Each structure stands twice: as structure tokens, then as C-alpha cells.
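Hi,

Here is the model I promised to pass on. Have a look at it first, and then read my notes below.

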Amino acid sequence: MSVVGNRPAGRDGWAQPTHSAAPAHETEGPAAAGAPATTSASFHEMWRDLAPIGRNTTTNGYRRYAWTEADADCRTWFKEQAQTRGLTYEVDRNGNQWAWLGDPTAGNAVVTGSHLDSVPDGGAFDGPLGVVSSFAALDELRARGAHPTKPLAIVNFGDEEGARFGLACVGSRLTAGQLTTDQAHQLRDADGLSLPQAMERAGYDPDAIGPDPERLARIGAFVELHIEQGRALADTNDAVGVASAIWPHGRWRFDFHGEANHAGTTRIEDRRDPMLTYANTVLAARKKARIAGALATFGKVSVEPNGVNAIASLVRGWLDSRAADEETLAAVVGEIERAALERGERDGVDVRVTRESFTPVVEFAHDLRDRLSGLLGGVPVLPTGAGHDAGILSASVPTAMLFVRNPTGVSHSPAETAGEDDCLAGVAALAEVLEGLACH
Ligand code: GLV
Ligand code: MN
Ligand code: MN
């Protein structure tokens, strides 16, 4: 395996490939004919092909939103990777893509994968690193001549980030029954298009969506590899870590209703300005979270009528809050809500708060976590504040996560990056884990 070391992010957010794709060749083993000759070449080839899809050339960030053209291109890429390797390709009732080595119906399957969609102007790694590494790990197993005794699958979960419909992990939530069909039908994008309408326009059958317990029952273990979204590994000698837990987190919509009026003629004392209440709520959120050791972020806001010379009638802000435990999270969000209501009263602004989603704390299966850490020679075990499909699945299936070192810790940004050697170490670790779980 080639080692190049950490380098600044290139146009695709990652050190530019130094390996040209090796010619396809015929080899017996887990991955069928057509895959490149080495794992590293395979990884580079996939990364190169995926890199331009959905990238905004002005910001250099990715805009791969569910059921859009960029999403369709990512899905085509996934299907081609499956077919190139002779894997059995399928799309489940919720639009998640699967690539199977072995009999998909046999049960006790070992599944890996992640997602290909992005946040607005996201980085190249959050999601794709897990999917690309999964295919590369399969190639690595083939190169080792490993013989899985259990079915192996790679999955691309749809709409993990929730950038379009406001709810994260829609594909895995539906599959796990944590989002009902009715609730899914209520989801709307910014243009008012419903999730079923968007799925239908993308060529999928929205009437099929719903829980898929039979599919989950066929999974013996799910392992998601992901770029680390913090700096816990950055100053260690470990390129890879294992997840212990995911902090509980949620999204709350704050509606601040005021009164539209003229910016140049309305006396200060006559105003009912929701922007003022919103601004104070943002400051309160920061303070309450800091005091509690939690996190609170208003990262999305919409304003009506959104005119420079008019006092707003409505400001809508979305709060993302996370904490190490549910009690702290509930307390922090409660305090932010109280601060908003109190300030609203002073400003003559009506405040309404709606919880749009909530994901409880996830404690990954201890035996699987310890087994992975052992297989990888005792790598660090760390919690994360980021949500993942693995967290959703963990309620139904033994689930684990591998994190690949992120030298800056930056994520959900075009600046997100990881070293080439660390990515390949991640592939090697995933291959080790898959071999340990599926071949023995
Ligand atoms: C997903 O990446 C999230 O944590 O919001
Ligand atoms: Mn993310
Ligand atoms: Mn992710």
C-alpha cells in the first residue's frame, strides 16, 4: 500500500491521486473480474470518478441532495461499482442501494457502507469515504484470497444528511421503522415538494416506502466507516479509531412572529421585530450550551418578507443541539426555549418552538466494538456528536463504526480533509474487520 502522507486538500478535498487506475484484470475471489489491480488503485479510481459529481465550482463544496440530479449520478456510480465487481445490485423499498457478495437472503450478513449525499456545500469525505472504502475493502479481500462464509453487502443509505427535507437519516430511519410512512409523506423541501413527489420524479416508487424488518433481520452486523468529525485522533499515532457512542441530538424549529413595517418610518418603540428576538435567542443558545458543556447551533434561518427596508414579519431559525446525555440536552433546549419566550415577550414577538427530529443516545454494541478494537490492535475508542445511519440501525442490529483521522477536525465544509495514507489505512482496517466478521 502506498503511503503519501497528509497534504492540503485538492479540488476534490483530498490529496490528488498519484496512482493511475490499473487495468482491469481477471481474478477469482470476493470481488469479480473488472476491479483494478490493487486496493489503492481501486480506491483512487473510485475517488476520481465520484469527485466531480455535485461539486459547486464556485464554493468547491458538494451539493448532493436527496433525489436530485447529483444524487442520481452518485447512485449510478454506486450501481456501476457493484456491477463491475459482479455483485448483486438491488434498491430496497426506501431507495437505499445494496451491493451483495453472496446470497442476500441467506441471513447473518455482514454489511458495511455509508451515504453519498451531502450537507449544503459539504466536504468530499462525509459519507463517500465510507462507501468508497467499502468497495476498496472488498477488493482488498479479493486480493488476499479471503473466502467469506457469510454474505457481505455494501449499502448506500439515502438522504442521510437531511439537507433537502430537514430530517436526517431518512433512508435508514424508514427501514428501521423509526420514521413512519405517514411521517415521511409529510416531509417537504423548500419548494414545497413532498418526499414522495421527489422520489417519484427520480423514478422511484414512493408507495413502497416503509419499515423493512425482514431486511434488517438478515443482517448479522453493520460496520460504517466514516471520516472523524473532530480532532480526537489528530494528535495520536492512530489513523483509525472505533466509535463508542453517539451523543443524543435533535433539530428544533423556532418561529418568531412579529409585524412587518417600514424600516425608515417605524419608531423603535412601535416595532415588533422578530429579528431582535431571534438574535438574542442565538446568543442565549451559545451561552446555555457553553455552560452545560453541550452544543447548540443556529445554522439555518429564513426571513419573511426578506426585504432590506422592511422589518421582518417572520424569522424562522433551526436549532441543532447535542449533548453527552439526554438529560443535559433536554435542559439546554428547555433553557434556550425559555430565553426565546422571555425575549419575545419584551419584543412583542410571538415565539413557537417545534421539535422536528430527535435521536436518542446511541451506545454501540460493546462486544462488537471490543472485537473491532481487538482486530485492529487496540485502536482508540471514541464518542462522537455527529449522527449516522449506524446510530439508527443500532437499535435493530449489532452495529459499529470506524473513524478515519481528520487532521483539522473540520467537517460539513469544503475544507473537510483526510490524508491519503490515513484513508488507505482505513480501507485496510475495514478489510481486516470484514475478514474477521465474515470469513471466520
Ligand atoms: C450528520 O452528519 C449530523 O450529525 O447532522
Ligand atoms: Mn454529515
Ligand atoms: Mn456522514
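In which strand does arginine 251 lie? Arginine 251 lies in strand β7, residues 249-257 (helices, H or I of at least four residues, and strands, E of at least two, are DSSP runs numbered from the N terminus).

Before going further, some housekeeping. This is a predicted model, where local features need pLDDT of at least 70 and side-chain atom pairs count only at pLDDT 80 or more, while totals for chains, interfaces and linings use all residues. Residues are numbered from 1 along each chain as its sequence is written, chains are lettered from A and ligands numbered from 1 in the order in which they are written, and side-chain values use heavy atoms, with hydrogens and water left out.

Back to arginine 251. At 22% relative accessibility, arginine 251 counts as partly exposed (buried is under 20% relative accessible area, exposed over 50%, partly exposed in between, with a 1.4 Å probe and protein chains only). Its side chain reaches the backbone oxygen of glycine 166 at 2.9 Å. Leaving aside neighbours within four places in sequence, the contacts of arginine 251 include Glu161, Gly162 and Leu319 (contact means heavy atoms within 4.5 Å).

Why look at this arginine? The unreviewed UniProt entry has a "binding site" annotation covering Arg251, Asn309 and Arg322; such annotations may be inferred rather than shown by experiment, feature names are shortened, and positions are in the numbering used here. These residues are spread over 72 residues of sequence and up to 36.1 Å between C-alpha atoms. Arginine 322 is in strand β11 (residues 314-322) and counts as buried, at 17% relative accessibility.

Now the metals. The manganese ion (ligand 2) is coordinated by Asp126 (OD), Glu161 (OE), Glu161 (OE) and His412 (NE2), at 2.0 to 2.7 Å. Donors here are N, O and S atoms within 2.8 Å of the metal (3.2 Å for Na, K and Ca), and water is not among the atoms, so sites may look incomplete. Glutamate 161 is buried, with a relative accessible area of 8%.

Histidine 115 sits in strand β3 (residues 109-115), and aspartate 126 in the loop between β3 and α3 (128-144). Both count as buried: histidine 115 at 0% and aspartate 126 at 6%.

What bridges the two manganese ions? Aspartate 126 does, and the ions lie 3.6 Å apart.

Cheers

Definitions and conventions: Polar contact = N/O pair within 3.5 Å; in protein donor to acceptor, adjacent residues only side chain to side chain.
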